[in-house]
Amino acid sequence: MNFSLYIAKRYLFSKSSNNAINIITGIASVGIIVGTMALFVVLSVFSGLRDFSLSFSNDFDPDLKANPKTGKYFTVSLNQENQLKNIAGVASYSKIVEERVLFFFKGKELVTCLKGVDSNFTKTNSLLKKNIYNGQWLKPNSYQVVVGYGITEKLSLGLFDFNNPFEVYVPRKGTGVIESEEEAFYKSNLIPVGIYAISEDLDSKYVFCDIALAQELLELKSNQISGIEIKLKPNVDDITVKNMLNTIFKNKIQVKNRSELNATLHKMLNTENLAVYLILTLVIIMFLFAFSGAIIMMVLDKRENLKTLFYLGTEPKKLKKIFLIQGTLLCAIGGTVGLILGTIIVLLQQKFKIIMITESLAYPVRFSLQNIVIVIVTIMTLGFLASLIASSRAGKKVLY
């Protein structure tokens, strides 16, 4: 057995004759355990919050979305649509038309997004139809619309209110002097038949209508659209499908996957996660100051033994290595105990929902092997550095 490792293990599991050193070592060990446990639990909580924050957008957003590289709209020929249907990895797709327009109801007005969708939209996005809060989904080739719950609150809008028209105003194309409202806006009455409720942001964002109605209001041709939303088959490489789409549309479109569609949200969540990780790492570093002090106290306590070993021919670097190994082992044991306790807390929260945000919503946590690796690497790296600094400084004081 390695000499330094053997002595380090003996020192690790033996009590010092000085009770103060035992207390300091115990406090340092508890600090490592608590710090490791806290780091793992908080990372698991943020993983859970990340999944919860992305759950609505992940379910609502398509796997891939194609938009024009320049301008608002692009055309889709019959040949291109047939090629799109024949892509092996595509489960379904939907053509859409989106534009911000003005809605008016009972003296209240609101500018938000009108989204025209075709009959395949509910196959590409099953979440929306499942989350109809009241009423029903719209029928094709009609003036029916499905409105977000947040929009209905802002406009005090109800369903099938034929006495009070739900109006949409779309700026007309053209040039010249505008002499009347009819020349400035294309106006139409809509029939709200459904209210959807998904999340606060989405509920205030969209009014869904048939794509033909949207094209009529925006004065577009039947083959002009603003985007294509695509649902992929399981285990399909999205990069391959992206390349095929760019080939079909001759690189005139920009194709984004779900993460790219929510790039800002992903960046914000990653920044928050990094900030919390760095703050907790600083707390652990503070614990490791006490840990370094405990190692130095151990060295001073074993001064006479070290001198004896030195006079018997043990090299100074091996004596220093004893406390480097001892500190690393102490950190590894404390980190393991903390990680086990943290895992128990996370699994208990997942199974029994001990901490609740609301009466029906438990605080989200996610057990992740990635978080375990992050915690282990962090604790062992910082523990090794603390042990290295303490053992090297203490060795000079004892031997010379």
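What share of the 400 residues in the protein is buried? Buried residues, meaning those under 20% relative accessible area with a 1.4 Å probe and only protein chains considered, make up 45% of the 400. The model is a predicted one, in which local features need pLDDT of at least 70 and side-chain atom pairs count only at pLDDT 80 or more, while totals for chains, interfaces and linings use all residues. Residues are numbered from 1 along each chain as its sequence is written, and side-chain values use heavy atoms, with hydrogens and water left out.

**Overall form**

- The protein has 15 helices and 12 strands, which are DSSP runs numbered from the N terminus (helices: H or I, at least four residues; strands: E, at least two).
- The protein is more spread out than a compact globule, because its radius of gyration is 32 Å, well over the 21 Å given by the globule rule for 400 residues. That radius is taken over C-alpha atoms, and the rule is 2.2 Å times the number of residues to the power 0.38.
- Along the principal axes, the C-alpha atoms fill a box of roughly 105 × 50 × 45 Å.
- Of the contacts (heavy atoms within 4.5 Å) between residues at least 6 apart in sequence, 78% join residues at least 24 apart.

**Surface**

- The accessible surface of the protein is about 21,600 Å², and carbon and sulfur atoms account for 59% of it. Accessible areas come from the Shrake-Rupley method with a 1.4 Å probe; for residues, only the protein chains shown count as cover.

**Backbone angles**

- Most residues other than glycine have a negative phi.
- N141, which is not a glycine, has a positive phi of about 55 degrees. N141 is located in the loop between β5 (132-135) and β6 (144-148) and is exposed (over 50%), at a relative accessible area of 68%.
- E219 likewise has a positive phi, near 60 degrees.

**Surroundings of Q144**

- Q144 is part of strand β6 and is buried, at a relative accessible area of 14%.
- A polar atom of the Q144 side chain lies 2.9 Å from the backbone nitrogen of K139.
- Beyond its neighbours within four places in sequence, Q144 is in contact with W137, L138, K139, I191, V193, F208, C209 and D210.

Methods:
A polar contact is a pair of N or O atoms within 3.5 Å; within protein, one must be able to donate a hydrogen and the other to accept it, and residues adjacent in sequence count only if both atoms are side-chain atoms.
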